[in-house]
Structure formats: C-alpha cells, structure tokens
Amino acid sequence: MPGFVEIVSQLTNGVIYGLILALVAVGFSLVLGVMGIINFAHGLLFALGAYLAYSLQFHVGYFGALVIAPLIVGMIGILMEFVFIRRLYGRDPLFVLVLTFGVAMAGEEIIQLIWGKLARSVDAPAFADSFIDFGFIIYSEYRLFMAAAAALIIGATWYLLAKSPLGSIIRAGTHDPEMVSILGMNLPLIRTGVFGFTALLGGAAGVVAAPLWSVRPTMGLDALLPAFLIVVIGGMGSFWGSVLGGLLVGVANAISVMFFPRFADLTMYVLAAVVLLYWPRGLLGKKSVLE
Amino acid sequence: MTQVDTNTPPAPARPMARRQGAMAAKFAALLAVLLVLPFIVPLIGMNVGIASEIVIYSLFAIAFNILLGFTGLPSFGHAAFFGTGAYMVAILQYQGIENTAVALLTAALGGGIAAGLVGVLVCKKRGIYFGLLTLAFGQMFFIVALRWDEVTGGETGLTGLTRSTIDLGFAAFDLNDQMTFYYFVLLVFFLSILVIWRILSSPFGAVLRGIKENELRVQYLGYPAYLYKWAAITISGAFSGLAGGLFAYYQYATYPEFVFWVQSGNVVVATLIGGGLNSFFGPILGAAIFVGAEDLISSYTEHWMLFFGLLFISVVIFFPNGIPQAVMRLTSWIRGRTGAQDADKASEETGK
C-alpha cells in the first residue's frame with residue numbers, strides 16, 4: 001500500500017493533470033459544439049504550443065512564450081479553418097474528421113522534421129522551478145503554477161462564453177446557426193474566430209504543460225485521446241462537463257498509477273464505458289443534435 | 001448522403017431479378033480481374049506480394065463499408081477489429097495451434113467479439129458522435145496490444161509466424177509460395193464478399209439501408225434499430241478480423257501498428273477513394289489505389305506520414321465521392337460544356 005504522503009501527492013498530481021486535460025477538452029468540445037466537427041488536429045495544436053514554447057524560451061523567456069506561442073497557434077488554427085475546413089461546411093462531418101486526420105498526420109511529421117524525433121525539455125520559469133515544503137509534503141512549485149494557470153484560463157474562457165455578448169452569439173450559434181446568420185451575424189467569421197480561439201486554447205495548454213510533459217512529436221495524441229473520453233464522460237456541449245470529466249480522468253489515472261501502473265492508461269476507457277452505459281449523454285450532457 | 005430520395009417506390013420483381021443477374025456478372029468480372037492480378041502487378045514494377053495485400057485490404061474495406069456505406073455509421077476504430085484478428089492468428093500460433101482454418105475462424109470470431117463489445121457501447125449513437133466513440137474505444141485496443149507484452153509481445157509485436165501447407169489429400173498447397181498464398185487469399189476474399197453481399201441484400205440489409213436513410217423512420221416502423229446496428233457492427237468486425245488474420249500471415253507477424261488509429265483512418269480513406277459511400281465494389285478499387293500509393297510512398301521516403309496526411313487531405317478536398325466519380329467529371333469536363341451535363345447526371349446515377 002502506498003503511504004499517506006504518496007497518496008496525497010499522487011492525487012494532487014492527478015487533479016493538476018486533469019486540469020490540463022480539461023483545458024484541452026474545453027477547446028475540442030467547443031469546436032464540436034459550435035461547428036459540429038471533430039477536430040482531430042486539436043492535439044497537434046497542443047503539441048505545437050509546447051514546441052513553440054521550447055523554441056521561444058531561448059529568446060523571450062517562459063512568460064514571453066506563454067503569450068506569443070498561443071497567439072501563433074491561434075493564427076495557425078485560423079489559417080487551417082480558412083484553407084481547409086471552410087470548404088467542408090454543410091457536408092458530411094465524416095469528411096472533416098478525415099481531413100483533420102490528415103492534418104494531424106502531416107503535422108506530426110512536420111514537427112519531427114523541424115524539431116527531431118527525440119523528446120525536448122522546456123524549463124520551468126525561474127520563480128517556480130523549485131519545491132515548496134508544506135511540512136508534511138514537499139511539492140513542486142511549477143505544478144502549482146500549472147494548476148493556477150490552467151484554472152485561470154478555463155475560468156476566463158467560461159467568462160467569455162457565458163457572460164460576454166460575443167459568448168452569447170457563439171452559444172446561439174450552437175443552437176441554431178441559421179437563425180444567427182439571419183439575425184445579421186457573420187457566421188463564417190464567427191466560425192473562423194471560434195476555431196482560432198480553440199486553437200489558441202490548445203496552444204496555451206501546450207505551453208503550460210510543456211515543462212512537465214514529455215515534449216515529443218506524438219504528445220498531441222497523448223492529450224487528445226483523453227480529451228475525447230472527457231467529452232464522452234462530461235457530456236457533449238457541456239462546458240463544466242468537460243472540466244468535471246477532465247478532473248475525473250486525472251484523478252482516476254493517478255489512483256490507477258499507484259495500484260496497477262502498467263494498465264493505468266486503460267482506466268479512463270473503463271470510466272468512459274461505465275458512464276456511457278449509465279449516463280448515455282454524459283454526466284452533465286443535455287440532449288443534442290449530435291446524438 | 002442524407003439527401004437520397006426516400007420516396008422511391010419498391011422495385012417490382014422483374015427488375016430485381018435483372019439486378020441480381022447484373023450483380024452476378026459483376027462478381028464474375030471481378031473474379032476474372034483478380035485471377036490475373038498477380039500477373040499484372042509485376043508488369044508495373046511491383047512485387048507479387050502486393051496483389052495479396054490489395055485483396056486483403058479490399059476485404060477489410062468492404063467489411064468496414066458494411067457500416068459506412070450501407071448503414072451510414074462512420075466507424076473510426078476499425079483497426080481494433082482488424083488488429084484483433086491479426087493478433088488472434090499470432091497468439092494461437094505462439095500457443096502451438098498451426099491449423100490455418102482454425103486460426104482464421106478464430107480471427108473472425110475475435111474481431112466479431114471485439115466489435116460486439118464496442119458495439120454495446122456505441123450502437124445507440126449515430127453520426128459524428130459514433131465516430132468519436134469508435135475512435136476513442138478503438139485506441140483502447142492499441143494500448144492493450146502495447147502493454148500486455150506477455151501475450152501481445154508489446155512494442156515489438158509477435159514475429160516469426162509461419163504459413164502452413166494445406167493438404168487436401170489429392171494435392172498440397174504450400175502457402176509460403178507467393179502465388180499459392182495469393183490464390184488462397186483470393187478464395188477467402190471471394191467467399192467472404194459473397195456472404196457479405198448475401199447479408200446486405202437480405203431483408204436485414206434492407207433495414208440497415210433504411211437506418212442509413214432515416215433511422216427514426218426505421219424505429220417508427222417497429223424495428224429495434226440499435227439491435228440492427230449492433231449486429232452490423234459485429235458482422236463488420238468479424239470480417240475485419242478475418243482480413244486482419246490474413247494480414248498476419250501476409251506479414252508473417254503482427255505489430256501494434258495494425259491496431260493504431262492511423263490504420264483506422266487508412267481504411268476510411270481507401271473506402272472514400274473508391275467511392276464506397278455509394279457502392280459495394282468501390283472499396284476494392286480504393287484499396288488497390290491505396291495499397292499501391294502506400295507501397296510507392298514508403299519506398300521513396302521515410303516521412304510517409306507527411307505524404308499520407310496530404311493524401312487524406314486531398315482525397316477529402318478533391319474527390320470525396322471517390323475517384324470513379326472524379327474521373328467521370330473530368331472526362332465530361334474535357335468533352336466540353338455540352339456533354340458535361342449529361343455526364344454529370346450519369347455519374348450521379350451510377351453514384352447511387
């Protein structure tokens with residue numbers, strides 16, 4: 001049996017891992033909700049954020065990277081929507097999924113061509129690169145910073161979606177895109193904007209995660225597959241569902257790492273399967289057109 | 001996909017018989033082409049083995065298309081069932097069971113059981129949510145293949161498989177011979193697609209097509225749509241598993257890559273290239289083009305993922321309805337404006 005200190009630190013790790021996953025899932029689920037498409041390249045955007053953080057840290061430091069990298073990734077997202085995804089609106093959503101499959105594959109290879117196959121390391125910022133002694137437990141400062149940053153970004157996103165006028169347009173767009181465009185809103189622009197915004201979120205998650213995540217070409221998928229399951233667990237189209245799902249997956253993962261480390265990756269699948277059987281719409285999901 | 005006319009009255013009996021005759025002719029033509037395929041393949045500078053790979057991949061794509069093309073369910077986790085079949089053959093052989101027929105039946109059974117289990121979770125879903133779930137749960141099989149090394153060999157997979165000799169008393173066939181193996185694969189393939197066609201043209205298949213057009217209407221007619229979907233997923237998984245089993249023999253090995261998400265994407269793209277959304281035989285053409293392209297790409301560059309990615313993107317953007325339709329559009333465009341409209345109409349008709 002693991003000791004008390006180990007349990008506490010593992011569970012805290014799990015919560016923090018869950019917050020990062022939630023951040024990835026929130027962006028993924030927003031695109032799914034607003035545009036009805038599965039963006040398989042969302043993991044690529046997460047990976048790009050981390051790699052840009054790696055390259056930028058030498059020039060502008062960690063905080064510079066935290067601002068600039070997500071903006072670049074957001075721009076890449078906008079470009080992606082503009083060049084590829086825009087052509088496929090109104091068509092079978094299957095096509096967008098195949099397309100983003102292709103983008104994810106090509107992108108992973110491009111990352112490998114630029115940065116190489118081996119894992120890169122991103123330094124934690126100087127103010128948070130040591131450990132805090134809480135008396136009963138010594139804990140990494142950066143992990144705490146990571147939790148705070150992820151929670152802050154999630155909170156800001158929620159505020160933007162739920163409280164701002166722009167947010168109400170976006171939410172209306174998920175319910176009835178046709179009506180929104182009849183009301184004179186520029187729907188294509190909103191879609192591009194939402195896609196770019198979720199890319200920015202994915203990039204930000206990548207930067208925040210970079211110092212503790214192994215930054216390698218396949219990292220995108222390591223974050224995206226949990227995000228899929230989180231959306232299933234939390235419920236499609238539910239913002240807090242994604243956050244709750246992220247935390248559940250993070251904690252479940254931490255617990256299983258303590259007891260059966262080799263199959264820890266499977267825990268989230270079991271969790272998702274159980275949720276699916278008892279709550280077909282996810283824990284906080286509502287009836288949606290996507291079923 | 002959804003704008004197909006659902007008000008068409010049921011076809012009268014005589015054209016039905018004629019359609020079956022036309023179908024028999026198509027099967028015969030296909031068989032004729034595939035019988036000479038191993039002689040054509042070397043002419044364009046490819047290894048004879050590629051012919052076997054094309055036929056195996058065709059079986060996989062047709063099995064997959066039971067869901068996508070005929071039930072309207074976009075599965076993105078089919079590598080799981082294909083891979084399960086491949087691992088079944090390898091695991092049996094590591095346990096000392098060499099009989100080819102037993103191994104292939106177990107492969108189909110394994111694929112079917114895997115699909116049946118996933119099917120329980122996904123059979124009440126449709127559309128893009130179905131895609132999301134199959135993609136996610138498909139990847140679960142990859143993790144099992146990777147981590148359960150005692151059984152699956154982990155990252156290195158199970159290598160060094162053997163193909164046995166099939167002894168029928170009057171003649172013995174050594175499957176290690178490329179040609180013999182090809183014709184063995186062709187036999188399995190042809191019998192399988194006859195069975196699949198029989199299933200799809202039965203009343204059961206009609207319900208599946210009904211689900212593709214309008215699931216709600218099928219439910220209102222009193223059919224438990226989710227049970228039909230579950231059965232379709234299971235059958236599709238079983239034939240995918242059979243294809244995977246053949247593929248294990250073809251490669252003399254199984255690797256975790258067989259179960260990887262890229263493989264699930266490959267079969268979708270191969271099916272789309274062939275125009276499989278609307279056609280039974282389309283996936284065969286798609287598989288041939290796909291396997292050919294794969295062979296070409298991987299012999300020229302190690303960055304195959306980049307080119308595959310670009311292939312995926314261009315398939316969706318330039319010919320989402322398959323190469324046959326794209327070719328028809330191109331020829332009509334070349335023929336000039338007057339001919340264009342006719343050919344467009346014709347291509348739409350054959351598309352259905």
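Colleague: How are α1(A) and α7(A) oriented relative to each other, roughly parallel or roughly antiparallel?

Modeller: Two packed helices are described by the angle between their axes and the distance between the axes. In this predicted model, helix α1 (residues 4-35) of chain A and helix α7 (residues 187-209) of chain A have axes 9 Å apart, at an angle of about 170°. Angles over 145 degrees count as roughly antiparallel, and α1(A) and α7(A) are therefore roughly antiparallel to each other.

Colleague: Which residues in α1(A) and α7(A) meet?

Modeller: On the α1(A) side you can pick out A:Ile20, A:Leu23, A:Val24, A:Val26, A:Gly27, A:Leu30, A:Val31, A:Val34 and A:Met35. Facing them in α7(A) are A:Arg191, A:Val194, A:Phe195, A:Thr198, A:Leu201, A:Gly202, A:Ala205, A:Val208 and A:Ala209. Sorted by class, this contact has 14 nonpolar, 3 polar and 1 charged residues.

Colleague: Let me try chain B. At what angle do the axes of α7(B) and α9(B) cross?

Modeller: The pair is helix α7 (residues 178-200) of chain B and helix α9 (residues 225-251) of chain B, whose axes cross at roughly 175° and come within 11 Å. That angle makes α7(B) roughly antiparallel to α9(B). In α7(B), the residues involved are B:Val185, B:Val188, B:Ser192, B:Ile196 and B:Ile199. They meet B:Ile235, B:Phe239, B:Leu242 and B:Leu246 in α9(B). By class, the contact of α7(B) with α9(B) divides into 8 nonpolar, 1 polar and no charged residues.

Colleague: Now for whole chains. What does the radius of gyration say about chain A?

Modeller: Start with the layout: chain A has 10 helices and 2 strands, and along the sequence its pattern reads α-α-α-β-β-α-α-α-α-α-α-α. The radius of gyration of chain A is 19 Å, close to the 19 Å from the globule rule for 291 residues, so chain A is as compact as a globular protein of that length. Its C-alpha atoms fill a box of roughly 60 × 50 × 35 Å along the principal axes. Buried residues make up 52% of the 291 residues in chain A. Among contacts in chain A with a separation of 6 or more, 75% are between residues 24 or more positions apart.

Colleague: And what radius of gyration does chain B have?

Modeller: Chain B has 20 Å, which agrees with the value near 20 Å that a compact globule of 352 residues would have. The secondary structure of chain B comes to 14 helices and 2 strands, and its C-alpha atoms fill a box of roughly 60 × 50 × 50 Å along the principal axes. Of the 352 residues of chain B, 49% count as buried. Residues 24 or more positions apart account for 72% of the contacts in chain B with a separation of 6 or more.

Colleague: How many residues of chain A are in contact with chain B?

Modeller: 36 residues of chain A are in contact with 36 residues of chain B. On the chain A side, the elements giving two or more residues are α3 (93-115), α8 (219-234) and α10 (267-278) of chain A. The largest share of that side, 15 residues, comes from α3(A). By class, the residues on the chain A side divide into 27 nonpolar, 2 polar and 7 charged.

Colleague: Which domains does the assignment give for chain B?

Modeller: The domain assignment gives domain 1 (41-321) and domain 2 (322-352). The C-alpha centres of these two domains of chain B lie 31 Å apart. Across the boundary, 12 residues of domain 1 of chain B are in contact with 7 residues of domain 2 of chain B. On the domain 1 side, α10 (261-273) and α11 (282-300) of chain B are the elements that give two or more residues, and α11(B) gives the most, with 3 residues. That side has 6 nonpolar, 6 polar and no charged residues.

Methods
Residues are numbered from 1 along each chain as its sequence is written. Chains are lettered from A and ligands numbered from 1 in the order in which they are written. This is a predicted model: local features need pLDDT of at least 70, side-chain atom pairs count only at pLDDT 80 or more; totals for chains, interfaces and linings use all residues. Axes are lines fitted to C-alpha atoms, for helices over the stretch in contact, and angles run from 0 to 180 degrees between N-to-C directions. Helices (H or I, at least four residues) and strands (E, at least two) are DSSP runs, numbered from the N terminus. Angles under 35 degrees count as roughly parallel, over 145 as roughly antiparallel, 65 to 115 as roughly perpendicular and the rest as oblique. Two residues are in contact if their C-beta atoms, placed from the backbone, lie within 7 Å. Ala, Val, Leu, Ile, Met, Phe, Trp, Tyr, Cys and Pro count as nonpolar, Asp, Glu, Lys and Arg as charged, and the others, Gly among them, as polar. The radius of gyration is taken over C-alpha atoms; the globule rule is 2.2 Å times the number of residues to the power 0.38. A residue is buried if 20 or more other C-beta atoms lie within 10 Å of its own, exposed if 12 or fewer, and partly exposed in between; C-beta atoms are placed from the backbone. Domain bounds come from an automatic or database domain assignment.
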